[in-house]
Amino acid sequence: MASFQPLRTKYSSLLRQFAASAKDLEILTSIPAESTPSAKTLYVLDSSFNPPTFAHLRIASTALLERLDPSSRLLLLLATQNADKPSKPAPFEDRLAMMELFALDLRSHLATTKANAASSEPTEEMQYIPAIDIAVTKKPYFIHKAAEIEACAFYPTPLEQVHLTGYDTLVRILNPKYYPPEHTLEPLIPLFSQHRLRVTLRPNDEWGSKEEQRAFVESIGRGDMEKQGAKREWAQRITLVDGRAPGAPSVSSTRAREATQSAVEDLDWLVPDNVRQFLLSEEPYSAKI
């Protein structure tokens, strides 16, 4: 099995440099490295990547496959300070290494999917595979991350950000408790005036049915959250998409971590191939779950 130590060493060094710098966001790697950031639309997948899974791959690939042209690009973003989640169990350099491997898996998946869709009549559009950037940020809150991306000189302007989130994240974004001292949603006005959210529905006992989740976004459009500072037009900037197919097994980072300890064969359907090889070789979750 291939050694991933050089990859971990690279990101360990980059993380130390970032921590010592005054920057709040840094693009660490682009795949392919020689790609020019000329995109007009930046899809942003902000996650703990602990580890990256097929759920991450589905969220990113379904969004990217809607825009098969050089105007789109993907950013995988890791916050080194998270508002709600601790930094354990896998160290950040391991997560970044897996993010790079995940990016390779994702680009391979996109190429295969596009080739199958093109069949015998490939087009120039179908041959395009979006470039993927890997970045870290010191900002824990959503609106501040979006502002840092806007201010990042790496990307051209104007640039529309499309944040790929789950329904649970949407609820947190629209929770006034995260916006002190007034605790209103007015700080989100710049975000929704320029950018969009692509939200994967997650029906379950905690977050409700698909119908209830769709009704939540519809309530924004009716003005039900105006007292909290939300604007009706925000509903038009939120696209809801279905998640896993009915009956399909649940895929999560938690389940992948558990599989590394008790059912490694399950990694075949929980994580993409390069990520799986890293998990088996480096064992970042050994006795750390």
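I began at strand S4, where Ile-132 is the bridge partner of Ile-31. I note at the outset that this is a predicted model.

**Entry 1. Strand S1 and its neighbour**

I next looked up how S1 and S4 run relative to each other: S1 (residues 25-31) and S4 (residues 132-137) pair in the antiparallel sense, over six bridges. I then checked the cover of S1. Six of its seven residues are buried, so S1 is largely enclosed by the rest of the structure.

**Entry 2. Strand S5 and its two partners**

Is strand S5 mostly covered or mostly open? I found that six of the seven residues of S5 (residues 160-166) are buried, and I recorded the strand as mostly covered.

I then listed the partners of S5. Strand S2 (residues 41-46) runs parallel to S5 and is joined to it by four bridges. Within this pairing, I located Tyr-43 opposite Val-162 of S5. Strand S6 (residues 196-200) also runs parallel to S5, with five bridges joining the two. Here I located Thr-165 opposite Val-199 of S6.

As a reminder to myself, side chains in a regular strand alternate between the two faces of the sheet.

**Entry 3. The nonpolar cores**

Which residues touch the most other members of the largest nonpolar core? In this core of 46 residues, I noted Leu-45, Leu-74, Leu-76, Leu-96, Leu-106 and Leu-164. I then asked which element gives the most to this core, and found helix H3 (residues 92-118), with ten residues.

Leaving aside residues up to four places away in sequence, Leu-106 touches Leu-57, Ala-60, Ser-61, Leu-64, Leu-74 and Ile-132. Two of these names had come up already: Leu-74 in the list above, and Ile-132 as the bridge partner of Ile-31.

I also recorded a second, separate core of 24 residues, which includes Phe-142, Leu-188, Val-217 and Ile-238.

**Entry 4. Helix H4**

Most residues other than glycine have a negative phi, and most peptide bonds are trans.

I found a cis peptide bond between Asn-50 and Pro-51, with omega about 5 degrees. Pro-51 lies in the loop between S2 and helix H2 (54-64). Phe-49 is found in the loop between S2 and H2 as well. Phe-49 is not a glycine, yet its phi is positive, about 45 degrees. I looked up its cover and found Phe-49 buried, with a relative accessible area of 0%.

I found a cis peptide bond between Thr-157 and Pro-158 too, with omega about 0 degrees. Pro-158 is placed in the loop between H4 and S5.

His-183 also has a positive phi, about 55 degrees, although it is not a glycine. I located His-183 in the loop between helix H5 (167-173) and helix H6 (189-194). His-183 is partly exposed, with a relative accessible area of 42%.

**Entry 5. Ser-71**

Is Ser-71 buried or exposed? I found a relative accessibility of 16%, and Ser-71 therefore counts as buried, the cut-off being under 20%. Ser-71 lies in the loop between H2 and strand S3 (72-79). Among its contacts, not counting residues up to four places away in sequence, I recorded Ala-39, Lys-40 and Thr-41.

**Entry 6. The whole protein**

Finally, I looked up the overall values. The protein has ten helices and seven strands. Its radius of gyration is 19 Å, close to the 19 Å that the globule rule gives for 289 residues, so the protein is as compact as a globular protein of that length. The C-alpha trace spans about 55 × 50 × 45 Å along the principal axes.

Of the 289 residues, I noted that 47% count as buried. The accessible surface comes to about 14000 Å², and 49% of it belongs to carbon and sulfur atoms. Of the contacts between residues at least 6 apart in sequence, 77% join residues at least 24 apart.

Key
Residues are numbered from 1 along each chain as its sequence is written. This is a predicted model: local features need pLDDT of at least 70, side-chain atom pairs count only at pLDDT 80 or more; totals for chains, interfaces and linings use all residues. Side-chain values use heavy atoms; hydrogens and water are left out. A nonpolar core is a set of buried Ala, Val, Leu, Ile, Met, Phe, Trp, Tyr and Cys residues joined through side-chain atoms within 4.5 Å. Buried means under 20% relative accessible area, exposed over 50%, partly exposed in between (1.4 Å probe, protein chains only). Contact means heavy atoms within 4.5 Å. The radius of gyration is taken over C-alpha atoms; the globule rule is 2.2 Å times the number of residues to the power 0.38. Accessible areas come from the Shrake-Rupley method with a 1.4 Å probe; for residues, only the protein chains shown count as cover. Two strands pair if DSSP finds at least two bridges between them.
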